[in-house]
Amino acid sequence: MDTKKIAKYVTLAFTILLADIIKELILHKIGWRKDFSHPYKSTLIGMAVTVAIYYPVFTLLDQLIEKFVEFYLSNTKKTTGGGFIGLAIAVLIGIFILFVLYLKLWFKKSIF
């Protein structure tokens, strides 16, 4: 598979994951929790918040992440010798960073 196609999929995956992290942070900041005594109301509020957050965040992040991932991948490929191995290392580092962020956000745990 072409490294440009892989980079495009990586950009999309990173954008989705970062948008979700931002959504989770906003929901934590406003103190929103699922209300099991009013599941219909809670579901509607959750859906509205998700769309209200994802659309602008995804639109903004898609542009920013595309530029960042292009810069990040090109620098990592230069450092590691280029090609598919450089791309794979860059993706693994990015996934590890996102994993650390999710672990901290969801479980308040740190690897370090």
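How many salt bridges does the count come to, if a salt bridge is a side-chain nitrogen of Lys or Arg within 4 Å of a carboxyl oxygen of Asp or Glu? By this rule the count comes to 2 salt bridges.

This is a predicted model, in which local features need pLDDT of at least 70 and side-chain atom pairs count only at pLDDT 80 or more, whereas totals for chains, interfaces and linings use all residues. Residues are numbered from 1 along each chain as its sequence is written, and side-chain values use heavy atoms, with hydrogens and water left out.

Side chains of opposite charge can pair when their charged atoms come close. Helices here are DSSP runs (H or I, at least four residues; strands are E, at least two), numbered from the N terminus. Lys 23 and Asp 20 both belong to helix 1, which covers residues 3-30, and stand 3 residues apart, about one turn of the helix. Glu 24 lies in helix 1 as well.

| Salt bridge | N to O distance |
|---|---|
| Lys 23 and Asp 20 | 3.7 Å |
| Lys 23 and Glu 24 | 3.6 Å |

Through shared partners, these salt bridges join Asp 20, Lys 23 and Glu 24 into one network. For the accessibility classes, buried means under 20% relative accessible area, exposed over 50%, and partly exposed in between, with a 1.4 Å probe and protein chains only. Lys 23 is buried because its relative accessible area is 12%, Asp 20 counts as buried at 13%, and Glu 24 is buried with a relative accessible area of 17%.

Which residues does Lys 23 touch, when residues up to four places away in sequence are not counted? With contact taken as heavy atoms within 4.5 Å, Lys 23 touches Thr 50, Ile 53 and Tyr 54. The C-alpha atoms of Lys 23 and Tyr 102 are separated by 12 Å, although the two residues are 79 residues apart along the chain. Glu 24, with its neighbours within four places in sequence left aside, is in contact with Leu 105 and Trp 106.

A pair of aromatic rings is described by the distance of the centres and the angle of the planes. Rings of Phe, Tyr and Trp (its six-membered ring) pair if their centres lie within 6.5 Å, and planes under 30 degrees apart count as stacked, over 60 as edge-to-face and the rest as tilted. The structure holds 1 aromatic pair. Tyr 102 and Trp 106 form this pair, which is edge-to-face, with 4.7 Å centre to centre and 65 degrees between the planes. Both residues lie in helix 3, 4 residues apart, about one turn of the helix. Tyr 102 counts as buried at 11% relative accessibility, whereas Trp 106, with a relative accessible area of 48%, is partly exposed.

In soluble globular proteins, nonpolar side chains tend to be buried together. A nonpolar core is here a set of buried Ala, Val, Leu, Ile, Met, Phe, Trp, Tyr and Cys residues joined through side-chain atoms within 4.5 Å. Of the 21 residues in the largest nonpolar core, Phe 14 and Leu 73 touch the most other members. Helix 1, helix 2 (39-80) and helix 3 each supply at least two residues of this core, and helix 2 gives the most, with 8 residues.

Leu 73, leaving aside its neighbours within four places in sequence, is in contact with Ala 7, Leu 87 and Ala 90. Phe 14 is also a partner of Gly 94, which touches Phe 14 and Tyr 72 when residues up to four places away in sequence are not counted. Gly 94 has its place in helix 3, residues 83-107, and counts as buried at 7% relative accessibility. Gly 94 and Phe 14 are 80 residues apart in sequence, yet 8.0 Å apart in space, C-alpha to C-alpha.

**A nonpolar patch on the surface**

Patches are made of residues with over 30% relative accessible area and no salt bridge, like charges being joined within 9 Å and nonpolar side chains (Val, Leu, Ile, Met, Phe, Trp, Tyr) within 5 Å. Accessible areas come from the Shrake-Rupley method with a 1.4 Å probe, and for residues only the protein chains shown count as cover. Ile 85, Ile 89, Ile 93, Phe 96, Ile 97, Phe 99, Leu 101, Ile 111 and Phe 112 make up such a nonpolar patch, and together they have about 880 Å² of accessible area. Phe 99, one of these residues, is found in helix 3 and counts as partly exposed at 46% relative accessibility.
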